[in-house]
Amino acid sequence: MEQMKTNGMNEENPVFSGLHSSKQYDQDLEWIRSKVLLMGGLVENQFRDAIVALEKGDVALAEKVVAGDAQVNRQEIELDHACAQLIVRRQPAANDLRNVMATVKVISDLERMGDEATKIARSVGHIASRDLLAPDHYHAVINMSHTAKHMMHEALDAYARMDTAKAAALMATDDVVDTEFHDIMCELIRYMRSEPESVEAGVNLLRTAKAIERIGDHATNIAEFIIYVVDGKDVRHTDYRLPADSTLR
């Protein structure tokens with residue numbers, strides 16, 4: 001029985017044996033998927049901590065989030081290698097290959113979510129003069145983060161279950177995040193024009209809002225990959241969405 005070693009991954013994978021079979025392929029992929037979900041949990045924690053650090057001005061917690069990004073990056077490399085091994089060893093047919101390639105894309109989106117959480121954490125130290133902005137500006141960004149956190153959680157849950165209905169509902173929620181970001185951007189620009197001394201703090205908060213909006217985009221990407229795997233439909237750049245009032249918010 002072979003032990004899988006992927007760039008420091010010391011856990012034993014009990015399914016990468018020499019023989020090829022559909023059952024073994026399913027076991028191999030499920031092992032990878034379980035690791036992807038663990039990575040997703042780590043990224044969820046990063047995002048949560050980054051928002052708490054922003055809300056409380058907690059620089060120490062923000063630095064912890066930044067330091068944790070290295071672990072997410074390592075997991076991306078390890079899981080990409082595991083997917084490559086799966087393709088080489090099992091030589092999956094078209095439908096199975098589609099599943100593996102979608103998993104690779106999910107891994108990439110999770111890593112980018114981690115990057116965006118790190119950007120949020122880094123902004124905490126730069127927003128030195130928080131009192132130059134109105135409390136409502138921070139409240140709007142925090143509220144927007146709740147929507148994005150919901151999207152991230154639903155994306156991971158839909159991926160775990162391969163639930164296309166939940167994935168479609170999640171895609172509709174992206175419109176909510178986009179609207180919230182647009183409103184925040186317009187209000188911050190208006191405020192900075194009237195209060196020039198707030199420009200530095202306002203720009204940093206705007207960058208934070210953009211990072212949150214991008215997390216919503218990456219959650220939407222995961223939902224699109226789920227639909228691609230289950231239904232065989234490439235719904236990127238389409239209107240394959242439920243009405244906004246059908247979301248699971």
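## Loop residues with positive phi

Met162 sits in the loop between α4 (135–161) and α5 (164–194); helices are DSSP runs of H or I, at least four residues, numbered from the N terminus. Its phi is positive, about 50°, although Met162 is not a glycine. At 22% relative accessibility, Met162 is partly exposed (buried is under 20% relative accessible area, exposed over 50%, partly exposed in between; 1.4 Å probe, protein chains only).

Gln91 lies in the loop between α2 (59–90) and α3 (94–126). Phi of Gln91 is also positive, near 45°, and the residue is not glycine. Gln91 is exposed, at 65% relative accessible area.

## Model and confidence

This is a predicted model: local features need pLDDT of at least 70, side-chain atom pairs count only at pLDDT 80 or more, and totals for chains, interfaces and linings use all residues. Residues are numbered from 1 along each chain as its sequence is written, and side-chain values use heavy atoms, with hydrogens and water left out.

Mean pLDDT (the predictor's confidence in each residue, from 0 to 100) is 85 for the protein chain, and 85% of its residues reach 70 or more. Over residues 14–20 the pLDDT is below 50, yet this stretch has 20 contacts beyond near neighbours in sequence (heavy atoms within 4.5 Å).

## Helix α6

Helix α6 (residues 199–231) has 33 residues. From first C-alpha to last it reaches 47 Å, close to the 48 Å expected (1.5 Å times one less than the number of residues). Gly232 follows α6, with a positive phi near 70°.

## Charges over rings

Arg33 lies over the face of Tyr159, 4.5 Å from the ring centre (NZ of Lys or CZ of Arg within 6 Å of the centre and within 35 degrees of the ring normal). The charged end of Arg98 sits over the ring of Tyr228, 5.6 Å from its centre.

Note on methods: Helices (H or I, at least four residues) and strands (E, at least two) are DSSP runs, numbered from the N terminus.
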